[in-house]
Amino acid sequence: MLPFQTLEGAEVFLGRNLTFAETLWFKYSARKPDYILYCHNTLFLFIFYTLVPLPFVVIELMRSKKIDQFKIQPKIKNSLSDMFDCYRKVMLTFVLVVGPLQIFSYPVIKMIGIRTSLPLPSGWEMFWQIVVYFLVEDYANYWLHRLLHNGWGYQKIHRVHHEYTAPIGFAAPYAHWAEIIILGFASFLGPLIVPGHMITFWLWFILRQMEAIETHSGYECPWSPSKFIPFYGGAIYHDYHHYVGGNCQSNFASVFTYCDYIYGTDKGYRYQKEVLEKTREKSKQKEIWSSPAAGSRNLSAGCLFALHLSSRPSNPSLRANPPFAKLCPFATANPRRREVSPPARFLPLSSQLKTPPFAFAQTLPSRYMPLAASENAKLRRTSYGRRRSIIAGSRNMQI
Ligand SMILES: [Zn+2]
Ligand SMILES: [Zn+2]
């Protein structure tokens, strides 16, 4: 509730005319108790977690080859009833846990010093405060999340959130009630350190919800504005954490990538990314060196086969922790699988790249090789300079 009864009173207090935004705020909040203004957050929680994932639901139901190129785990398809079931459970948790938690945390908000009065903060002030909130929450969330991946914490609490090995937008807040309280604490740390205006507080929670929905959407959207945020993890980054599952020791951070980089908990992810890039590079090489008439069909089959095999490299620890799902269109993945693979920290980065993951190529049936021997010979006859490069190319393809 504002201490001014009229617009004129507010203008006298500020010593200037009110801006358009301040007039709107005055009209909306002047007669509302601060408690009610704070409770808006609970309302936003219900509204945003209902509306923002809806486009992803529609996309999931309209699945096609075009859409599948943006799906991070294209083997997984969720039905409307699956997604609605998740939504129902999340809303139940909101009603029973998050709503009451938000309402009862009001004294903390008063103690912190979140203000509702005029003047409103400038755009710049809101921006840097929200940046601080994101950074602080990300750091705290990193350590709390990492703690939850230890034995007891995982089995009793965090396991629920990992039921979705291929997350969907509605699954962002799908978690044990204790996890919601533990990680919710991290969200209050930023405003505790740098208290701001209620509008900044609302905006912080809304943006954080939208970020959580995007990272759990299961889709990598190239047009997302979040692509411009430095060190932003995004959907693939967090999807990897869910895909590997309970024993995952990678990608704990909720928003940015710097914590995982500093503390070395992104090694497994970076390794798999390197595998992905190298495999793609090799697939491209195969495309270049195969003749379109004879080789393209076999090549595409060969690529898929190779990608499939790359998910089952000869090294046992790698086999147990296969490269990212997008790489292996034949790999089966249960969206609700609970346990997989040893910790990704057991994946050495540099040493294994030289040998095992691509050793599979030697075992490919000859029909999957990109160039038939006769075609190779034909191409070799063209010119000496071309021949050298062709031979080098075909060696590369042998891997
Ligand atoms: Zn986790
Ligand atoms: Zn998650």
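A crossing of two helices is left-handed if the near helix is turned anticlockwise from the far one by less than a right angle, and right-handed if clockwise. Please note that this is a predicted model, in which local features need pLDDT of at least 70 and side-chain atom pairs count only at pLDDT 80 or more, while totals for chains, interfaces and linings use all residues. Residues are numbered from 1 along each chain as its sequence is written, and chains are lettered from A and ligands numbered from 1 in the order in which they are written.

**View 1. Helix 6 beside helix 10.** Helix 6 and helix 10 (residues 177-193) cross in a right-handed sense (helices are DSSP runs of H or I, at least four residues, numbered from the N terminus). On one side of the contact (C-beta atoms, placed from the backbone, within 7 Å) look for Thr93, Val97, Val98 and Leu101 of helix 6, and on the other for Trp177, Ile180, Ile181 and Gly184 of helix 10. The two axes come within 10 Å and cross at roughly 30° (lines fitted to C-alpha atoms over the stretch in contact, with angles from 0 to 180 degrees between N-to-C directions). Helix 6 and helix 10 are therefore roughly parallel (under 35 degrees; over 145 is roughly antiparallel).

**View 2. Helix 8 against helix 10.** Here helix 8 (residues 123-148) packs on helix 10 at about 150°, the axes being 8 Å apart. That makes helix 8 roughly antiparallel to helix 10. Their crossing is right-handed. Residues of helix 8 in the contact include Val132, Tyr133, Val136 and Glu137, and they face a group in helix 10 that includes Glu179, Ile182, Leu183 and Ala186.

**View 3. The largest nonpolar core.** This core has 27 residues, of which Cys86, Val90, Ile168, Phe170, Ala171 and Tyr174 touch the most other members (a core joins buried Ala, Val, Leu, Ile, Met, Phe, Trp, Tyr and Cys through C-beta atoms within 7 Å; buried means 20 or more other C-beta atoms within 10 Å, exposed 12 or fewer, partly exposed in between). Helix 6 (80-104), helix 11 (198-215) and helix 12 (234-244) each supply at least two of its residues. Helix 6 gives the most, with six. A second, separate core of 16 residues includes Tyr38, Phe201, Phe252 and Cys259.

**View 4. Around Phe170.** Beyond its neighbours within four places in sequence, Phe170 contacts Pro53, Met83, Cys86, Tyr87 and Val90.

**View 5. Pro121 in its loop.** Find Pro121 in the loop between helix 7 (106-112) and helix 8. Pro121 is partly exposed, because 15 other C-beta atoms lie within 10 Å. Gly196 is 75 residues from Pro121 in sequence, yet the two are 8.0 Å apart, C-alpha to C-alpha. Not counting residues up to four places away, Pro121 touches Met126, Gly196, His197 and Thr200.

Terms used: Contact = placed C-beta atoms within 7 Å. Parallel < 35°, antiparallel > 145°, perpendicular 65-115°, else oblique.
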